Amino acid sequence: VDGHTCDTSYNSYRDSDSVGKRIDYIMYRPGHGNKSVRTKSCHLPLNRRIPESLAARLGYNVSYSDHEAVTSVIRVTDAVTGQGNSSWSKMCRHLVGKRDESVTEAIDLVNKAMIGTKHDHKFYYILAFIVLLFMATFTQLLSNSIILECGMFLLRMVLSLFGFYFLYMATIFTRRE
């Protein structure tokens with residue numbers, strides 16, 4: 001990967017002719033005192049594709065983002081004594097333990113959002129059908145009054161706009177989410 005975090009060859013969002021770029025960096029400033037910093041490891045932690053996503057069930061494999069996540073383990077030591085900071089190490093171990101909890105919570109949120117999107121999808125289809133019924137009802141009304149005809153035209157136009165909006169929301173927008 002050569003440190004590339006954007007437009008990698010395996011990313012589903014890249015252009016076919018793009019070349020990988022390094023755009024994400026991890027920066028650290030040791031603060032006060034005479035500190036030494038050494039990188040112990042650096043890698044791209046996520047899978048190349050979202051596992052078991054809706055897109056995967058439909059036959060498409062998609063990446064998490066247009067650029068990759070990057071993680072690094074660094075060792076900060078006192079340059080004079082060569083000792084690391086034990087309180088920092090304890091905090092890092094605590095955060096690693098919280099990671100699984102955070103990922104589980106994130107998956108739950110995504111699942112709830114997918115259920116909400118399914119409900120929205122059905123809701124917009126129902127609204128589009130109701131608007132279609134109203135439009136079919138109002139097309140049969142004939143009148144000699146120009147004011148009533150103009151009013152009916154405006155009502156049909158508004159119903160058409162709402163109908164197109166509801167169909168858009170039911171077909172395209174809810175599928176994107």
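This is a predicted model: local features need pLDDT of at least 70, side-chain atom pairs count only at pLDDT 80 or more; totals for chains, interfaces and linings use all residues.
Start by colouring the protein by secondary structure. You'll find 3 helices and 2 strands, and if you trace the chain from the N terminus, the elements run β-α-β-α-α.

Next, select helix α2, residues 86-138, and helix α3, residues 146-176. Tyr124 sits in α2 and Tyr165 in α3, so the pair ties together parts that are 41 residues apart in sequence.

Are these two buried or exposed? Tyr124 has 16% relative accessibility, and because buried means under 20%, Tyr124 counts as buried. Tyr165, at 40%, is partly exposed.

Together with Tyr124 and Tyr165 they form one aromatic cluster. The structure holds 5 aromatic pairs.

Keep Tyr124 and Phe166 on screen, and bring in Ala128, Val131, Leu159, Met169 and Ala170. That gives you the largest nonpolar core, with 7 residues in all. Both α2 and α3 supply at least two residues of this core, and the largest share, 4 residues, comes from α3. In soluble globular proteins, nonpolar side chains tend to be buried together.

Of the protein's 177 residues, 14% count as buried. The accessible surface comes to about 14000 Å², and 60% of that belongs to carbon and sulfur atoms.

Conventions. Residues are numbered from 1 along each chain as its sequence is written. Side-chain values use heavy atoms; hydrogens and water are left out. Rings of Phe, Tyr and Trp (its six-membered ring) pair if their centres lie within 6.5 Å; planes under 30 degrees apart count as stacked, over 60 as edge-to-face and the rest as tilted. Buried means under 20% relative accessible area, exposed over 50%, partly exposed in between (1.4 Å probe, protein chains only). A nonpolar core is a set of buried Ala, Val, Leu, Ile, Met, Phe, Trp, Tyr and Cys residues joined through side-chain atoms within 4.5 Å. Accessible areas come from the Shrake-Rupley method with a 1.4 Å probe; for residues, only the protein chains shown count as cover.
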